[in-house]
Amino acid sequence: MRTNIGFAFVIHLLAATVLVCAISPAASDEGSRDDAIWKWTPEEISKLVSKVRAGRDLSPESWPGGARVAVSFSFDVDTEPVWIGMQGQSSPSYMSRGEYGARTAQPRVLALLKKHKIPASFFLPAMTMELHPELIPELLKHPQHEIGFHSYVHENPMHLTAAEERQVYEKAMEIFVKHVGRRPVGFRSAAWDLTESTIQIVKEMGFLYESSMMADERPYMLMAEGKETGLIELPVEWILDDWPLFQISWPVGHVAIRNAEDVLSIWKGEFDVAYEEGTLYMLTLHPQVIGHRYRIKMLDELIAYMKRKRGVWFATHESIARHVKEQAGL
Ligand SMILES: [Zn+2]
(Lines give C-alpha, C1' and ligand atoms only; values in the text may rest on other atoms or scores of the structure.)
Protein backbone atom coordinates (compact mmCIF):
# COMPACT_ATOMS: atom_id res chain seq x y z
CA MET A 1 0.00 0.00 0.00
CA ARG A 2 3.08 2.18 -0.15
CA THR A 3 2.34 5.03 -2.49
CA ASN A 4 3.31 8.56 -3.26
CA ILE A 5 1.42 11.57 -4.47
CA GLY A 6 2.65 11.44 -8.06
CA PHE A 7 1.88 7.77 -8.45
CA ALA A 8 -1.48 8.07 -6.73
CA PHE A 9 -2.39 11.05 -8.89
CA VAL A 10 -1.68 9.09 -12.06
CA ILE A 11 -3.70 6.15 -10.76
CA HIS A 12 -6.63 8.43 -10.04
CA LEU A 13 -6.39 10.03 -13.46
CA LEU A 14 -6.38 6.57 -15.02
CA ALA A 15 -9.30 5.52 -12.85
CA ALA A 16 -11.20 8.66 -13.82
CA THR A 17 -10.51 8.01 -17.50
CA VAL A 18 -11.78 4.46 -17.19
CA LEU A 19 -14.91 5.72 -15.45
CA VAL A 20 -15.63 8.33 -18.07
CA CYS A 21 -14.96 6.02 -20.98
CA ALA A 22 -16.77 2.95 -19.79
CA ILE A 23 -19.23 3.12 -16.98
CA SER A 24 -19.25 -0.21 -15.27
CA PRO A 25 -21.88 0.19 -12.58
CA ALA A 26 -20.01 -1.55 -9.78
CA ALA A 27 -18.63 -5.01 -9.89
CA SER A 28 -21.38 -7.56 -9.55
CA ASP A 29 -21.38 -11.30 -9.11
CA GLU A 30 -22.81 -11.64 -12.61
CA GLY A 31 -19.91 -9.63 -13.98
CA SER A 32 -20.02 -5.97 -14.93
CA ARG A 33 -20.29 -4.47 -18.38
CA ASP A 34 -17.20 -2.79 -19.64
CA ASP A 35 -18.33 -1.52 -23.03
CA ALA A 36 -18.64 2.23 -23.52
CA ILE A 37 -21.86 3.82 -22.25
CA TRP A 38 -22.64 5.33 -25.66
CA LYS A 39 -23.05 1.82 -27.05
CA TRP A 40 -25.90 1.06 -24.65
CA THR A 41 -29.53 1.32 -25.78
CA PRO A 42 -31.94 3.82 -24.15
CA GLU A 43 -33.67 0.88 -22.45
CA GLU A 44 -30.38 -0.36 -21.01
CA ILE A 45 -29.47 3.09 -19.71
CA SER A 46 -32.97 3.60 -18.25
CA LYS A 47 -32.69 0.25 -16.50
CA LEU A 48 -29.35 1.26 -15.02
CA VAL A 49 -30.75 4.58 -13.77
CA SER A 50 -33.87 2.97 -12.30
CA LYS A 51 -32.15 0.46 -10.07
CA VAL A 52 -32.46 2.70 -7.02
CA ARG A 53 -34.72 5.75 -7.09
CA ALA A 54 -36.50 8.19 -4.83
CA GLY A 55 -40.03 7.15 -3.91
CA ARG A 56 -42.72 9.09 -2.09
CA ASP A 57 -41.96 12.15 -0.03
CA LEU A 58 -42.01 11.17 3.64
CA SER A 59 -42.11 14.69 5.10
CA PRO A 60 -44.19 14.45 8.23
CA GLU A 61 -47.29 16.61 8.79
CA SER A 62 -45.40 18.27 11.61
CA TRP A 63 -42.16 17.96 13.50
CA PRO A 64 -42.27 17.19 17.25
CA GLY A 65 -43.43 20.04 19.46
CA GLY A 66 -44.79 21.87 16.42
CA ALA A 67 -41.24 22.72 15.28
CA ARG A 68 -40.90 24.40 11.93
CA VAL A 69 -37.72 22.71 10.81
CA ALA A 70 -35.71 19.64 11.83
CA VAL A 71 -31.95 20.17 12.05
CA SER A 72 -29.54 17.28 12.27
CA PHE A 73 -25.75 17.24 12.37
CA SER A 74 -23.76 14.19 11.49
CA PHE A 75 -20.10 13.78 12.20
CA ASP A 76 -18.37 11.15 10.09
CA VAL A 77 -15.43 10.20 12.27
CA ASP A 78 -13.40 8.81 9.41
CA THR A 79 -9.93 9.28 10.97
CA GLU A 80 -7.23 7.20 9.18
CA PRO A 81 -9.59 4.82 7.28
CA VAL A 82 -10.67 7.56 4.87
CA TRP A 83 -7.06 7.91 3.70
CA ILE A 84 -6.26 4.18 3.71
CA GLY A 85 -9.53 2.83 2.33
CA MET A 86 -10.40 5.58 -0.13
CA GLN A 87 -7.04 6.77 -1.33
CA GLY A 88 -4.64 3.93 -0.64
CA GLN A 89 -2.42 6.17 1.44
CA SER A 90 -0.10 4.93 4.12
CA SER A 91 2.21 7.87 4.69
CA PRO A 92 2.48 8.76 8.39
CA SER A 93 1.59 12.31 7.44
CA TYR A 94 -1.78 11.20 6.04
CA MET A 95 -2.27 9.01 9.09
CA SER A 96 -1.66 12.00 11.32
CA ARG A 97 -4.47 13.88 9.59
CA GLY A 98 -6.78 11.07 10.65
CA GLU A 99 -5.27 10.98 14.10
CA TYR A 100 -5.98 14.69 14.46
CA GLY A 101 -9.67 13.87 14.01
CA ALA A 102 -9.73 11.52 16.97
CA ARG A 103 -7.20 13.20 19.21
CA THR A 104 -7.76 16.93 18.78
CA ALA A 105 -10.98 17.53 16.91
CA GLN A 106 -13.42 15.04 18.40
CA PRO A 107 -13.15 16.52 21.94
CA ARG A 108 -13.81 19.97 20.44
CA VAL A 109 -16.88 18.69 18.62
CA LEU A 110 -18.25 17.04 21.76
CA ALA A 111 -17.60 20.17 23.83
CA LEU A 112 -19.45 22.32 21.27
CA LEU A 113 -22.48 20.01 21.27
CA LYS A 114 -22.45 20.01 25.06
CA LYS A 115 -22.31 23.80 25.15
CA HIS A 116 -25.38 24.05 22.92
CA LYS A 117 -27.10 21.02 24.47
CA ILE A 118 -27.84 19.48 21.11
CA PRO A 119 -27.63 15.86 19.99
CA ALA A 120 -25.82 14.61 16.89
CA SER A 121 -25.24 11.45 14.88
CA PHE A 122 -21.73 10.02 14.70
CA PHE A 123 -20.86 7.64 11.87
CA LEU A 124 -17.69 5.64 12.48
CA PRO A 125 -15.95 3.13 10.24
CA ALA A 126 -15.29 -0.08 12.18
CA MET A 127 -11.55 0.53 11.81
CA THR A 128 -11.90 3.92 13.50
CA MET A 129 -13.31 2.02 16.48
CA GLU A 130 -10.39 -0.41 16.43
CA LEU A 131 -7.77 2.33 16.09
CA HIS A 132 -9.38 4.70 18.61
CA PRO A 133 -11.42 2.55 20.99
CA GLU A 134 -11.45 5.37 23.54
CA LEU A 135 -13.90 7.32 21.34
CA ILE A 136 -16.75 4.91 22.00
CA PRO A 137 -17.07 5.08 25.81
CA GLU A 138 -16.83 8.85 25.46
CA LEU A 139 -19.77 8.83 23.02
CA LEU A 140 -21.73 6.35 25.13
CA LYS A 141 -21.41 8.70 28.10
CA HIS A 142 -23.68 11.02 26.11
CA PRO A 143 -26.64 8.84 25.16
CA GLN A 144 -28.36 11.74 23.40
CA HIS A 145 -25.93 11.10 20.53
CA GLU A 146 -26.38 8.36 17.97
CA ILE A 147 -23.64 6.05 16.66
CA GLY A 148 -24.21 4.93 13.07
CA PHE A 149 -22.66 2.46 10.66
CA HIS A 150 -20.02 3.68 8.20
CA SER A 151 -18.15 0.80 6.50
CA TYR A 152 -15.17 -1.26 7.62
CA VAL A 153 -12.15 0.75 6.47
CA HIS A 154 -13.92 3.40 4.38
CA GLU A 155 -13.66 1.09 1.37
CA ASN A 156 -15.50 2.19 -1.74
CA PRO A 157 -18.21 -0.42 -2.39
CA MET A 158 -18.11 0.33 -6.13
CA HIS A 159 -14.97 -1.79 -6.29
CA LEU A 160 -16.64 -4.81 -4.69
CA THR A 161 -18.86 -7.62 -5.87
CA ALA A 162 -22.20 -8.04 -4.09
CA ALA A 163 -20.78 -10.98 -2.13
CA GLU A 164 -17.72 -9.00 -1.08
CA GLU A 165 -19.83 -6.01 -0.10
CA ARG A 166 -22.05 -8.17 2.13
CA GLN A 167 -18.99 -9.81 3.63
CA VAL A 168 -17.28 -6.53 4.49
CA TYR A 169 -20.43 -5.04 6.06
CA GLU A 170 -20.91 -8.17 8.17
CA LYS A 171 -17.29 -7.95 9.32
CA ALA A 172 -17.76 -4.26 10.14
CA MET A 173 -21.00 -4.99 11.99
CA GLU A 174 -19.29 -7.53 14.25
CA ILE A 175 -16.68 -4.94 15.21
CA PHE A 176 -19.38 -2.28 15.68
CA VAL A 177 -21.36 -4.48 18.09
CA LYS A 178 -18.18 -5.46 19.96
CA HIS A 179 -17.44 -1.80 20.70
CA VAL A 180 -20.90 -0.26 20.99
CA GLY A 181 -22.81 -3.19 22.47
CA ARG A 182 -25.75 -2.92 20.08
CA ARG A 183 -26.54 -2.79 16.38
CA PRO A 184 -26.90 0.59 14.67
CA VAL A 185 -30.12 1.73 12.97
CA GLY A 186 -28.45 4.17 10.56
CA PHE A 187 -26.38 3.29 7.49
CA ARG A 188 -24.07 5.67 5.67
CA SER A 189 -21.91 4.32 2.86
CA ALA A 190 -18.28 5.34 2.51
CA ALA A 191 -17.93 8.27 0.10
CA TRP A 192 -21.72 8.20 -0.35
CA ASP A 193 -21.27 5.59 -3.06
CA LEU A 194 -23.70 2.73 -3.34
CA THR A 195 -23.77 -0.26 -5.62
CA GLU A 196 -26.86 -1.83 -7.13
CA SER A 197 -26.70 -4.37 -4.28
CA THR A 198 -26.21 -1.99 -1.37
CA ILE A 199 -29.86 -1.22 -0.64
CA GLN A 200 -30.83 -4.89 -0.57
CA ILE A 201 -27.95 -5.70 1.79
CA VAL A 202 -28.77 -2.73 4.02
CA LYS A 203 -32.41 -3.79 4.17
CA GLU A 204 -31.55 -7.38 5.02
CA MET A 205 -29.21 -6.19 7.77
CA GLY A 206 -32.20 -4.53 9.43
CA PHE A 207 -31.32 -0.85 9.19
CA LEU A 208 -34.07 1.73 9.74
CA TYR A 209 -32.65 4.38 7.45
CA GLU A 210 -30.00 5.09 4.83
CA SER A 211 -28.20 8.42 4.48
CA SER A 212 -26.00 8.68 1.36
CA MET A 213 -28.37 9.74 -1.44
CA MET A 214 -29.26 13.13 -2.88
CA ALA A 215 -32.59 13.04 -4.73
CA ASP A 216 -34.30 15.51 -2.39
CA GLU A 217 -33.84 17.61 0.71
CA ARG A 218 -36.83 15.98 2.39
CA PRO A 219 -36.92 12.44 3.73
CA TYR A 220 -38.15 9.92 1.19
CA MET A 221 -38.87 6.26 0.55
CA LEU A 222 -36.07 4.38 -1.18
CA MET A 223 -37.21 2.41 -4.20
CA ALA A 224 -35.30 -0.53 -5.64
CA GLU A 225 -36.22 -1.99 -9.03
CA GLY A 226 -39.45 0.05 -8.91
CA LYS A 227 -40.61 -1.25 -5.53
CA GLU A 228 -40.71 0.42 -2.12
CA THR A 229 -37.96 -0.98 0.07
CA GLY A 230 -39.35 0.25 3.40
CA LEU A 231 -36.01 2.00 3.98
CA ILE A 232 -36.18 5.69 4.80
CA GLU A 233 -33.69 7.93 3.04
CA LEU A 234 -32.37 10.95 4.95
CA PRO A 235 -30.67 12.72 2.07
CA VAL A 236 -27.29 14.44 2.08
CA GLU A 237 -25.67 16.96 -0.24
CA TRP A 238 -22.10 18.04 -0.99
CA ILE A 239 -22.77 21.73 -0.31
CA LEU A 240 -23.89 20.67 3.14
CA ASP A 241 -20.65 18.77 3.72
CA ASP A 242 -17.41 20.23 5.02
CA TRP A 243 -15.12 17.92 2.99
CA PRO A 244 -15.36 19.48 -0.52
CA LEU A 245 -15.43 22.99 0.91
CA PHE A 246 -12.48 22.71 3.25
CA GLN A 247 -10.43 19.58 2.77
CA ILE A 248 -7.32 19.13 0.68
CA SER A 249 -7.33 15.74 -1.07
CA TRP A 250 -4.29 15.89 -3.29
CA PRO A 251 -4.63 12.64 -5.24
CA VAL A 252 -7.87 13.71 -6.86
CA GLY A 253 -6.45 17.14 -7.57
CA HIS A 254 -8.96 18.69 -5.21
CA VAL A 255 -7.86 21.70 -3.22
CA ALA A 256 -10.49 23.53 -1.26
CA ILE A 257 -9.63 25.70 1.66
CA ARG A 258 -12.53 28.10 1.72
CA ASN A 259 -12.86 30.86 4.21
CA ALA A 260 -14.96 29.74 7.11
CA GLU A 261 -16.99 32.94 6.61
CA ASP A 262 -17.89 31.89 3.05
CA VAL A 263 -18.98 28.48 4.22
CA LEU A 264 -20.97 30.00 7.07
CA SER A 265 -22.87 32.09 4.54
CA ILE A 266 -23.64 29.00 2.39
CA TRP A 267 -24.83 26.96 5.35
CA LYS A 268 -26.86 29.85 6.81
CA GLY A 269 -28.48 30.45 3.42
CA GLU A 270 -29.41 26.77 3.13
CA PHE A 271 -30.82 26.85 6.64
CA ASP A 272 -32.90 29.98 5.97
CA VAL A 273 -34.67 28.31 3.05
CA ALA A 274 -35.12 25.03 4.93
CA TYR A 275 -36.72 27.10 7.69
CA GLU A 276 -39.01 28.92 5.26
CA GLU A 277 -40.02 25.64 3.63
CA GLY A 278 -40.41 23.89 6.98
CA THR A 279 -38.37 20.89 5.93
CA LEU A 280 -35.17 19.16 6.94
CA TYR A 281 -31.65 20.52 7.27
CA MET A 282 -28.84 17.99 7.51
CA LEU A 283 -25.19 18.91 7.75
CA THR A 284 -22.44 16.30 7.28
CA LEU A 285 -19.21 17.14 9.05
CA HIS A 286 -15.91 15.38 9.68
CA PRO A 287 -14.05 16.09 12.94
CA GLN A 288 -10.70 16.10 11.09
CA VAL A 289 -12.06 18.84 8.81
CA ILE A 290 -14.43 20.98 10.88
CA GLY A 291 -12.49 20.54 14.12
CA HIS A 292 -9.79 23.06 13.22
CA ARG A 293 -9.82 26.08 15.47
CA TYR A 294 -11.52 28.80 13.47
CA ARG A 295 -13.86 26.39 11.70
CA ILE A 296 -15.26 25.08 14.96
CA LYS A 297 -15.80 28.70 15.97
CA MET A 298 -17.78 29.17 12.75
CA LEU A 299 -19.89 26.10 13.55
CA ASP A 300 -20.52 27.56 16.98
CA GLU A 301 -21.79 30.72 15.30
CA LEU A 302 -24.01 28.74 12.91
CA ILE A 303 -25.64 26.80 15.75
CA ALA A 304 -26.18 30.01 17.73
CA TYR A 305 -27.80 31.55 14.63
CA MET A 306 -30.20 28.61 14.31
CA LYS A 307 -31.03 28.68 17.99
CA ARG A 308 -32.11 32.30 17.76
CA LYS A 309 -35.03 31.21 15.54
CA ARG A 310 -38.18 29.76 17.00
CA GLY A 311 -39.28 26.23 16.24
CA VAL A 312 -35.99 24.53 15.38
CA TRP A 313 -35.91 20.87 16.38
CA PHE A 314 -32.34 19.63 16.83
CA ALA A 315 -32.36 15.85 16.60
CA THR A 316 -30.28 12.85 15.65
CA HIS A 317 -30.88 11.18 12.31
CA GLU A 318 -32.34 8.26 14.25
CA SER A 319 -34.96 10.45 16.01
CA ILE A 320 -35.88 12.02 12.68
CA ALA A 321 -36.19 8.63 10.95
CA ARG A 322 -38.34 7.26 13.78
CA HIS A 323 -40.62 10.30 13.67
CA VAL A 324 -40.89 10.13 9.89
CA LYS A 325 -41.67 6.42 10.05
CA GLU A 326 -44.38 6.88 12.64
CA GLN A 327 -45.97 9.83 10.83
CA ALA A 328 -45.98 7.93 7.55
CA GLY A 329 -47.61 4.94 9.23
CA LEU A 330 -44.86 2.61 8.04
ZN1 LIG B 1 -16.77 8.91 5.63
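**Ground rules**

I number residues from 1 along each chain as its sequence is written, and side-chain values use heavy atoms, with hydrogens and water left out. Because the model is predicted, local features need pLDDT of at least 70 and side-chain atom pairs count only at pLDDT 80 or more, while totals for chains, interfaces and linings use all residues.

**Entry 1: the chain overall**

I looked up the secondary structure and found 13 helices and 12 strands; helices (H or I, at least four residues) and strands (E, at least two) are DSSP runs, numbered from the N terminus. Of the 330 residues, 51% count as buried. Here buried means under 20% relative accessible area, exposed over 50%, and partly exposed in between, with a 1.4 Å probe and protein chains only.

I also looked at contacts (heavy atoms within 4.5 Å). Among those between residues at least 6 apart in sequence, 72% join residues at least 24 apart.

**Entry 2: the cores**

Next I went to the nonpolar cores, sets of buried Ala, Val, Leu, Ile, Met, Phe, Trp, Tyr and Cys residues joined through side-chain atoms within 4.5 Å. The largest has 50 residues, and those with the most contacts inside it are F73, F75, F122, W267, Y281 and L299. Apart from it lies another core of 24 residues, including Y152, F187, F207 and L222.

What does W267 touch, not counting residues up to four places away in sequence? I noted I239, L240, L245, F246, Y281 and M298 among them, along with D241 and D242.

**Entry 3: salt bridges**

Side chains of opposite charge can pair when their charged atoms come close. My search of the whole structure gave 11 salt bridges, each a side-chain nitrogen of Lys or Arg within 4 Å of a carboxyl oxygen of Asp or Glu.

R188 and D76 form one, with the closest N and O atoms 2.9 Å apart. R188 lies in the loop between β5 (186-187) and α8 (198-204) and D76 in strand β2 (residues 69-76), so this bridge ties together parts 112 residues apart in sequence. Are these two residues, R188 and D76, buried or exposed? Both are buried.

D57 and R218 meet at 3.3 Å, N to O. D57 sits in strand β1 (residues 52-57) and R218 in the loop between β6 (209-210) and β7 (220-224), 161 residues apart. D57 is partly exposed at 37% relative accessibility, and R218 is partly exposed at 31%. D216 joins D57 and R218 in a network of salt bridges.

E318 and R322 also pair, at 3.0 Å. Both lie in helix α13 (residues 317-327), 4 residues apart, or about one turn of the helix.

**Entry 4: rings**

I counted 15 aromatic pairs in the whole structure. Rings of Phe, Tyr and Trp (its six-membered ring) pair if their centres lie within 6.5 Å; planes under 30 degrees apart count as stacked, over 60 as edge-to-face and the rest as tilted.

F75 and F122 are stacked, at 5.3 Å centre to centre with 20° between the planes. They link strand β2 to strand β3 (residues 121-124), and both are buried.

The rings of F271 and Y281 have centres 5.7 Å apart and planes at 85°, so I logged that pair as edge-to-face. F271 belongs to helix α10 (residues 260-277) and Y281 to strand β11 (residues 280-285).

Finally, the charged end of K268 sits over the ring of Y305, 4.7 Å from its centre; the test is NZ of Lys or CZ of Arg within 6 Å of the ring centre and within 35 degrees of the ring normal.
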